[in-house]
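Welcome, and please open your viewer. We will go from stop to stop, selecting a few residues at a time.

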Amino acid sequence: MILSDEKLMELIHSGYIPSDVHLGPCSVDLTLAEDYLVPHLPEDRPYITTNEDYPHKLAPVETFVLYPGKFVLASTNEIIKVPDHMCGVVHGRSSVGRLGIQVQNAGFIDAGFTGQITLELVNQSNAPVLLKPNMRICQLVMHNLHGQSKRPYKGKYQGQVGPTPSRIKEDEE
């Protein structure tokens with residue numbers, strides 16, 4: 001079940017979601033932080049593998065131009081705490097999508113997760129788009145689980161701050 005504004009306000013008052021978010025009827029808007037991780041593949045590497053770090057360059061800037069077809073990691077300003085009986089889903093905002101920016105989050109935000117949300121941004125338009133810190137970039141939708149999670153999230157992204165690159169090499173085989 002998706003939480004309404006009334007239930008989201010309860011999460012805000014309980015400290016799970018920051019109090020300065022923009023509250024909608026059934027979601028809260030999260031804002032864009034000022035740091036970006038820009039993919040950088042050295043010339044001596046023809047592709048990315050899953051058993052080594054994917055190199056990125058940190059780009060803390062006041063504004064960031066995302067060019068057509070390009071990809072960058074960003075994050076939300078807000079630190080989110082997900083109760084053990086809920087999960088979250090991040091969606092791109094319609095207004096941002098209409099500029100051609102696809103806002104991805106790699107799936108659900110699991111019960112028990114705490115941290116800033118890393119976003120994968122892609123410009124699908126044919127024009128460069130200027131991104132600014134603190135702009136409302138995505139919507140967080142919270143869902144109730146049918147019970148409390150017996151194994152809340154304690155994974156490799158717990159407590160992440162800022163745009164966090166893939167840690168796929170830490171996956172158990």
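**Stop 1: the aromatic pairs**

Across the whole structure, a search turns up two aromatic pairs. Rings of Phe, Tyr and Trp (its six-membered ring) pair if their centres lie within 6.5 Å; planes under 30 degrees apart count as stacked, over 60 as edge-to-face and the rest as tilted.

Select Tyr 36 and Phe 64: this pair is stacked, at 4.3 Å centre to centre with 20 degrees between the planes. Tyr 36 sits in the loop between β2 and β3 (37-39) and Phe 64 in strand β5, so the pair ties together parts that are 28 residues apart in sequence. Strands (E, at least two residues) and helices (H or I, at least four) are DSSP runs, numbered from the N terminus. Tyr 36 and Phe 64 are buried, where buried means under 20% relative accessible area, exposed over 50%, and partly exposed in between (1.4 Å probe, protein chains only).

Before going on, a word on the model: it is predicted, local features need pLDDT of at least 70, side-chain atom pairs count only at pLDDT 80 or more, and totals for chains, interfaces and linings use all residues. Residues are numbered from 1 along each chain as its sequence is written, and side-chain values use heavy atoms, with hydrogens and water left out.

**Stop 2: a loop residue**

Ala 59 counts as buried because its relative accessibility is 18%.

**Stop 3: helix α1**

Now select residues 5-13, helix α1, and colour Leu 8, Leu 11 and Ile 12, which are buried. Looking down the axis of α1, you will find its buried residues within an arc of 100 degrees, so they line one face of the helix. That arc is taken from the directions from the helix axis to the C-beta atoms. Show β1 (22-23), β2 (28-31), β7 (86-92) and β11 (136-144) too: they are among what covers these buried residues.

Just after α1, click on Gly 15, which takes a positive phi of about 85 degrees.

How values were computed: Contact = heavy atoms within 4.5 Å.
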